[in-house]
Amino acid sequence: MALTSGFSTALILLDFSAAFDCVDHSILLKVLQLQFGVTASALQWISSFLASRSHCDTLSGSSSKIFSVPFGVPQGSILGPLLFILYTSNVVKIASQHGLMIHLNADDTQLYIKLCCYNLENTKMKMTACGHHIQSWCAFMRLKIELIWFDRRSTLDDDNSTKNLNLDPQCSIPPSDVIRDLGVLLDCRLNMTQHVSCTARTSQNLTSETLS
């Protein structure tokens, strides 16, 4: 919608590496109780669901020792993604504080902001401040950040370094020309050429394999 109106938009993708394994049970239960009003037997049920979990590795019939799992929510479960979204709900408040919009998809989070009045520096300042805030909030998680600018105009500085997201002197994130977001390839012009070409190639390969 922003591109159709002649604006540019910056999209920041946050990928929490091994995110489901980093959930602190005690913090999650406090979030559920204080922020979402989950109490009494409902809270006890969730606590029981998370507690006393263990795991071991098995290879060629041999198993490792059994280790307790004090952190994380079960992957592949129905409740796992929901509990993680509730656990990370504060990221919505952080984005709002800095004027960024947000979409949450389990451990994939998208932050985006429209570039108003060609004010690149002001937009970058909001993005950087939001990035710092999120980094400090989730310092215990391994966080991967990707950046892309969607722009159909040629008025922005052609030097891509001016669009870097500088979170600190040692961390400068350059914008990508193409990113993969929830399985869809998005290019900086948002014309979907890359995604259509990739889908067509995959379809041709599947057709060839079927015919052979």
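A: Two strands are said to pair if DSSP finds at least two bridges between them. The strands themselves, of at least two residues (E), and the helices, of at least four (H or I), are DSSP runs numbered from the N terminus. The model is predicted, so local features need pLDDT of at least 70 and side-chain atom pairs count only at pLDDT 80 or more, while totals for chains, interfaces and linings use all residues. Residues are numbered from 1 along each chain as its sequence is written, and side-chain values use heavy atoms, with hydrogens and water left out.

Strand 11 covers residues 178–181 and strand 12 covers residues 184–187; they run antiparallel and are joined by 4 bridges. One of the pairings links V178 to D187 in strand 12. The two strands form a hairpin, with 2 residues between them. In that turn, L182 has a positive phi of about 55 degrees.

M192 is partly exposed, with a relative accessible area of 26%; here buried means under 20%, exposed over 50%, and partly exposed in between (1.4 Å probe, protein chains only).

The interior of the protein comes next. A nonpolar core is a set of buried Ala, Val, Leu, Ile, Met, Phe, Trp, Tyr and Cys residues joined through side-chain atoms within 4.5 Å. The largest such core has 38 residues, of which I12, L28, L32, L111, M127, I134 and L147 touch the most other members. A second, separate core has 7 residues, including L3, L13, I179 and L186. Of these, I179 lies within the range of strand 11 and L186 within that of strand 12.

The wider chain gives the setting. It has 6 helices and 12 strands, and 35% of its 212 residues count as buried. Counting a contact as heavy atoms within 4.5 Å, residues 24 or more positions apart account for 66% of the contacts with a separation of 6 or more.
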